[in-house]
Amino acid sequence: MNGFDWNAVGESLPLLLEGFRVTLLATVLGTLVAAVLGLAVAMAGRAPNRFVTVPVRLVTEFVRSTPLLVQLVGAAALFNTVEPLYIGIAVLGVHYAAYTSEVYRAGIDGVPKGQWEACRALSLSPRRTWQAVILPQAVRNVLPALGNYAISMFKETPFLAVITVQEMVFEARKYGAEQFAYTEVFTLAGLIFLVASYPTSLLMRKLEKRLGH
């Protein structure tokens, strides 16, 4: 490859791997926030009280209808004394919770009605019904979809660079500007993303097929 500086690849690799650590941390913690908050939103959406369901629906629609980039910049401006990485994790988690809530809702709706009727026949409390019967089945059914959202979040972590989170693309852009080696460093960053996300995508497909049987 004429003009391709392999020395720049070697020099930038440690920096990108450090940025990848931040990328991975943001993805893992953001996914945990999205998984827990999404479940809470899905369950709140089933509440009998409209004073609960209407605000939850409005906030969820607002989050879905605005770009992640705008949410990041807005949150960073509002909470300018908070560490940018924490803001990024929170925004990623809230953004994807709006989508995972729909996944949970579909999973809960997919639990056979006979399961609900059996719980009532056994006089199980609502809490016991959810914990022991409904949620284990619903979560099992939606695991592949949650995994796919985690992969999507991983690929959107470069947006965190706009609020100065030093993730992998931030490091790539910084090194490229200093050494005038944008082609090399962004090629390497792309390969790291590919190596990390492609096997996970295959695993999610395998899991989806397994749970589908």
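A residue is called buried under 20% relative accessible area, exposed over 50%, and partly exposed in between (1.4 Å probe, protein chains only). Keep that scale in mind as we walk through this predicted model, where local features need pLDDT of at least 70, side-chain atom pairs count only at pLDDT 80 or more, and totals for chains, interfaces and linings use all residues. Residues are numbered from 1 along each chain as its sequence is written, and side-chain values use heavy atoms, leaving out hydrogens and water.

Let's start with Glu61, which is partly exposed at a relative accessible area of 37%. Its partner in a salt bridge is Arg64, with the closest N and O atoms 3.0 Å apart; the term means a side-chain nitrogen of Lys or Arg within 4 Å of a carboxyl oxygen of Asp or Glu. Glu61 and Arg64 are three residues apart in helix α2 (residues 50-65), so about one helical turn separates them. Helices here are DSSP runs (H or I, at least four residues), numbered from the N terminus.

Arg64, partly exposed at 22%, also forms a salt bridge with Glu102, at 3.3 Å between the closest N and O atoms. This pair links distant parts of the chain, since Arg64 lies in helix α2 and Glu102 in helix α4 (residues 84-109), 38 residues apart.

Further along, Asp109 and Arg105 meet in a salt bridge of 3.0 Å, N to O. Both lie in helix α4, four residues apart, about one turn of the helix. Through shared partners, salt bridges join Arg46, Glu61, Arg64, Glu102, Arg105 and Asp109 into one network. The whole structure holds six salt bridges.

Definitions and conventions
Helices (H or I, at least four residues) and strands (E, at least two) are DSSP runs, numbered from the N terminus.
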